[in-house]
Amino acid sequence: MPTHYVAPKITFAGVEDPESHLTAFNAQTIISGGSDAVRCKMFMGTFTGKTIQFFSGLPDDHITSFAEFTKLFREQFYANQVKPPVLYDIINVRQREGETLKNYLK
């Protein structure tokens with residue numbers, strides 16, 4: 001590992017939003033730079049629990065670049081991705097009688 005490289009201080013257990021994790025990882029590592037190999041090693045270092053088990057089970061030489069690694073990561077944890085709200089999610093939301101505006105907005 002390059003001496004100037006700072007390890008990210010985040011973890012991913014497999015239940016969080018993968019896009020948020022990638023964004024946080026990239027934000028923490030963009031300053032240090034580094035090759036694809038360094039980024040892959042550091043990305044794997046953010047995993048805990050079931051996430052480690054999944055990536056440890058991949059065949060040797062299966063990941064050839066950081067782009068490939070993030071593709072596999074997104075595919076595996078896609079179900080955890082936070083979905084944006086759509087109109088029909090809130091169409092029936094109504095303020096109840098006696099409910100404060102503050103509580104209604106929550």
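Predicted model: local features only at pLDDT ≥ 70, side-chain atom pairs only at ≥ 80, totals over all residues.

Colleague: How are helix 2 and helix 4 packed, at what angle and how far apart are their axes?
Modeller: Helix 2 covers residues 36–44 and helix 4 covers residues 66–77; the angle between them is about 30°, and their axes are 9 Å apart.

Colleague: So what do you call that, roughly parallel or roughly antiparallel?
Modeller: Roughly parallel, because angles under 35 degrees count that way.

Colleague: Which residues meet there?
Modeller: From helix 2 you have Asp36, Arg39, Cys40, Phe43 and Met44, and they meet Phe66, Phe69 and Phe73 of helix 4. By class, that contact has six nonpolar and two charged residues, with no polar ones.

Colleague: Now the largest nonpolar core. Which residues touch the most other members?
Modeller: The core has 17 residues, and Phe25, Phe43, Phe47, Phe55, Phe69 and Phe73 touch the most other members. Helix 4 gives the most, with five residues, while helix 1, helix 2 and helix 4 each supply at least two.

Colleague: What is Phe25 in contact with, leaving aside neighbours within four places in sequence?
Modeller: Tyr5, Pro8, Ile10, Arg39, Met42, Phe43, Thr46 and Phe66.

Colleague: Switching topic: where is Asp17, and is it buried or exposed?
Modeller: Asp17 lies in the segment before helix 1 (18–29). Its relative accessibility is 13%, so Asp17 counts as buried, the cut-off being under 20%.

Colleague: What does its side chain join up with?
Modeller: The Asp17 side chain makes a polar contact of 3.0 Å with the side chain of Ser20. Beyond neighbours within four places in sequence, Asp17 is in contact with Phe12, Asn80, Gln81 and Val82.

Terms used: Residues numbered from 1 in each chain as written. Heavy atoms only, no water. Helix = DSSP H or I, 4+ residues; strand = E, 2+ residues; numbered from the N terminus. Buried < 20%, exposed > 50% of the residue type's maximum accessible area, 1.4 Å probe, protein only. Polar contact = N/O pair within 3.5 Å; in protein donor to acceptor, adjacent residues only side chain to side chain. Contact = heavy atoms within 4.5 Å. Axes fitted to C-alpha atoms, helices over the stretch in contact; angles between N-to-C directions. Parallel < 35°, antiparallel > 145°, perpendicular 65-115°, else oblique. Nonpolar A, V, L, I, M, F, W, Y, C, P; charged D, E, K, R; others polar. Core = buried A, V, L, I, M, F, W, Y, C linked by side-chain atoms within 4.5 Å.
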